[in-house]
2 protein chains.
Amino acid sequence: MKDIITLAHGSGGKLTHNLISELFHKYFSNDLLLESGDAAVFDIDKGRMAFTTDSYVITPIFFKGGNIGKLAVCGTVNDLAVSGAKPLYLSCGFILEEGFPVKELEEIVKSMAETALEAGVAIVTGDTKVVQKGGADRLFINTSGVGVIADGISYSPSKIQEGDKIIISGTMGDHGTAILLEREKFQVQSSIQSDCAPLSGMIDAVLKKFGSAVRVMRDPTRGGVATTLNELVKDRSIGIRISEDELPVKDEVKGICEMLGLEPLYMANEGKILLAVDSEVCEEILKIMKEHPYGRDAAVIGEAVKDYPGKVFMHTLTGGNRIIDMLVGDQLPRIC
Amino acid sequence: MKDIITLAHGSGGKLTHNLISELFHKYFSNDLLLESGDAAVFDIDKGRMAFTTDSYVITPIFFKGGNIGKLAVCGTVNDLAVSGAKPLYLSCGFILEEGFPVKELEEIVKSMAETALEAGVAIVTGDTKVVQKGGADRLFINTSGVGVIADGISYSPSKIQEGDKIIISGTMGDHGTAILLEREKFQVQSSIQSDCAPLSGMIDAVLKKFGSAVRVMRDPTRGGVATTLNELVKDRSIGIRISEDELPVKDEVKGICEMLGLEPLYMANEGKILLAVDSEVCEEILKIMKEHPYGRDAAVIGEAVKDYPGKVFMHTLTGGNRIIDMLVGDQLPRIC
């Protein structure tokens with residue numbers, strides 16, 4: 001195989017076929033992919049299905065804690081999992097800039113395969129396009145995914161009731177801060193890395209025991225926890241109150257955000273979930289999450305309340321209440 | 001809404017939500033999309049499902065006969081349909097360059113909605129990313145899709161038998177030639193337009209009556225008819241012989257290809273299918289296709305033969321036989 005991607009790798013001809021057989025089939029090896037013509041074909045039981053898509057344009061494409069490929073698998077797996085689905089199959093579409101090093105592509109594909117294995121999904125169909133030098137910034141990836149939802153499971157923000165507890169599965173803003181540090185090359189020694197992780201295992205552990213006590217789950221990616229919480233209550237008769245002193249934030253993340261005037265509540269996460277749950281079993285759910293490697297820092301950060309319907313507000317450290325709006329503008333472009 | 005796309009439209013915050021509600025929901029309106037959180041959820045019967053993905057990076061994004069949005073819906077609908085599936089749901093991921101005119105985006109979204117309606121599919125989940133000026137060439141779209149395959153239907157190149165007829169649903173190379181003319185601004189007056197069309201209706205009409213006589217279907221997009229035919233016989237004990245004098249090509253396309261030293265057999269199509277069918281009902285299948293607006297120029301172009309196993313060869317106008325290989329290199333980058 002050549003060392004760099006050429007336009008001919010996107011032609012649909014011989015070099016495309018070589019790339020598929022020598023790279024994609026090598027790492028994504030599974031029967032469905034190997035058989036697939038224009039589409040992957042698989043059996044499915046009667047039931048409910050979840051279907052989702054995300055394109056990834058993050059820069060830089062390699063960062064502490066992951067790369068664009070790992071992120072692309074985690075993101076779509078997590079979108080399915082927070083919908084209550086067991087993620088099954090992913091598609092993968094690459095848009096490559098001419099001249100992209102095959103070695104880097106291989107590293108990305110390899111980590112996609114490893115992450116898919118961990119998440120229990122198979123990458124079964126794909127597509128590769130190449131654009132001329134300057135036509136795209138290195139590499140973009142789209143992953144779409146399908147999963148099945150067990151009988152009786154149905155999560156929706158409309159199920160949130162007064163008194164429900166809001167849980168986050170760990171510290172806020174790790175991903176956004178890690179990417180910021182990669183990009184800006186501050187003279188800061190830091191151990192912060194992206195939290196990028198497939199959460200289907202942890203979610204499954206919660207749902208198995210307390211599926212009926214969960215009202216809704218979301219992954220607070222772009223726009224951060226603040227934006228996701230706002231999405232949950234927008235146009236509803238209920239609001240959410242969070243407590244500033246309960247918000248789990250790593251000291252390093254806090255320090256960097258303070259230095260730069262950023263707010264961890266708006267920083268992107270790629271390995272966290274927010275749950276609204278029945279307060280009666282909240283502690284038990286928290287315990288299950290804390291036992292999981294991706295949920296060790298899980299915490300209750302607030303609850304659903306009748307005050308401020310449709311709004312999110314925060315009880316601050318100084319004792320006041322502050323409205324927390326959705327992200328306006330863009331704190332950090334190309335964060336995922 | 002602002003006139004141009006800004007980075008903040010891709011932030012996941014307020015402007016992203018505005019774009020979704022004011023543009024995407026306006027045109028793609030359906031219950032699943034409106035309800036969708038992180039994934040669209042729908043009921044499905046027990047059976048077989050097809051799942052496919054394609055990213056579209058065509059330039060220019062508007063061309064005679066369509067635009068990148070129409071193309072993105074047609075391409076994924078057709079990939080599902082040639083797999084024998086009834087296309088049901090599509091996802092749609094936009095990667096936009098900062099500064100992209102909202103007016104043009106609206107035109108693209110509108111034609112996606114129209115094409116989806118014609119094809120009988122719903123766009124149920126989506127994603128929008130924005131990259132800085134120069135980070136992408138205007139607009140890329142990924143569409144993924146799912147469809148269901150009726151009981152007993154199974155198409156595969158391995159089912160092709162000696163004597164089977166090869167049908168094409170119309171003239172070759174219209175899409176590739178139209179894009180070439182748009183791009184190169186030759187001083188040529190031409191009426192050639194892209195054949196970009198959703199073929200699920202025509203395919204359904206064929207399968208309803210002669211589903212069991214069809215061995216395999218493919219849409220000859222990138223790499224053209226030559227590459228697709230090669231994919232059908234690669235590593236098999238059978239070959240395909242096509243006849244040069246049977247190949248349907250518009251005179252204008254032929255003229256332009258001759259002038260530029262290009263070969264319509266390798267030019268991309270976006271509204272054509274190739275079928276291998278039982279010779280006994282070939283004429284009846286052809287009749288059904290010709291009755292359909294997208295199959296008026298359907299023709300038998302060859303047959304499966306035992307000579308040259310694994311190869312495609314062409315009986316030329318001058319009486320010889322010529323091996324037709326897959327496309328090598330890239331005839332025309334960013335054709336889809």
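## Basis of the model

Contact here means heavy atoms within 4.5 Å. The structure is a predicted model, in which local features need pLDDT of at least 70 and side-chain atom pairs count only at pLDDT 80 or more, while totals for chains, interfaces and linings use all residues. Residues are numbered from 1 along each chain as its sequence is written, chains are lettered from A and ligands numbered from 1 in the order in which they are written, and side-chain values use heavy atoms, with hydrogens and water left out.

## The two domains of chain A

Chain A is assigned domain 1 (7-149) and domain 2 (157-323), with bounds that come from an automatic or database domain assignment. Taken over C-alpha atoms, the centres of domain 1 of chain A and domain 2 of chain A are 28 Å apart. In contact across this boundary are 21 residues of domain 1 of chain A and 22 residues of domain 2 of chain A.

Between domain 1 of chain A and domain 2 of chain A, the buried area is about 1800 Å², with 60% given by carbon and sulfur atoms; buried area is the accessible area (1.4 Å probe) that two parts lose on being put together, summed over both. On the side of domain 1 of chain A, the most area is lost to domain 2 of chain A by Lys64(A), Asn78(A) and Val82(A), together 34% of what that side buries.

## Polar and secondary-structure features of the domain boundary

Strand S3 (62-63), helix H3 (68-82) and helix H4 (102-119) of chain A each supply at least two residues of the side of domain 1 of chain A that touches domain 2 of chain A. Helices (H or I, at least four residues) and strands (E, at least two) are DSSP runs, numbered from the N terminus. H3(A) gives the largest share of that side, nine residues.

## Helix H5 of chain A

Helix H5 (residues 174-184) of chain A is mostly covered, with nine of its 11 residues buried; buried means under 20% relative accessible area, exposed over 50%, partly exposed in between (1.4 Å probe, protein chains only). Among the buried residues of H5(A) are Asp174(A), His175(A) and Glu182(A). The cover over the buried residues of H5(A) includes S3, H3 and helix H8 (251-260) of chain A. After H5(A) comes Lys185(A), with a positive phi near 50 degrees.

## The interface of chain B and chain A

Contact between the chains involves 73 residues of chain B and 73 residues of chain A. The area buried between chain B and chain A is about 5700 Å², and carbon and sulfur atoms give 58% of this area. Asp38(B), Phe51(B) and Arg222(B) supply 14% of the area that chain B buries against chain A, more than any other three residues.

The interface of chain B and chain A holds 10 salt bridges. In one of them, Arg218(A) pairs with Asp38(B), the closest N and O atoms being 3.5 Å apart. There are also 33 residue pairs in polar contact between chain B and chain A, both residues at pLDDT 80 or more. Strand S2 (residues 47-56) of chain B provides nine residues, the largest share of the side of chain B that touches chain A.

Technical notes: A salt bridge is a side-chain nitrogen of Lys or Arg within 4 Å of a carboxyl oxygen of Asp or Glu. A polar contact is a pair of N or O atoms within 3.5 Å; within protein, one must be able to donate a hydrogen and the other to accept it, and residues adjacent in sequence count only if both atoms are side-chain atoms.
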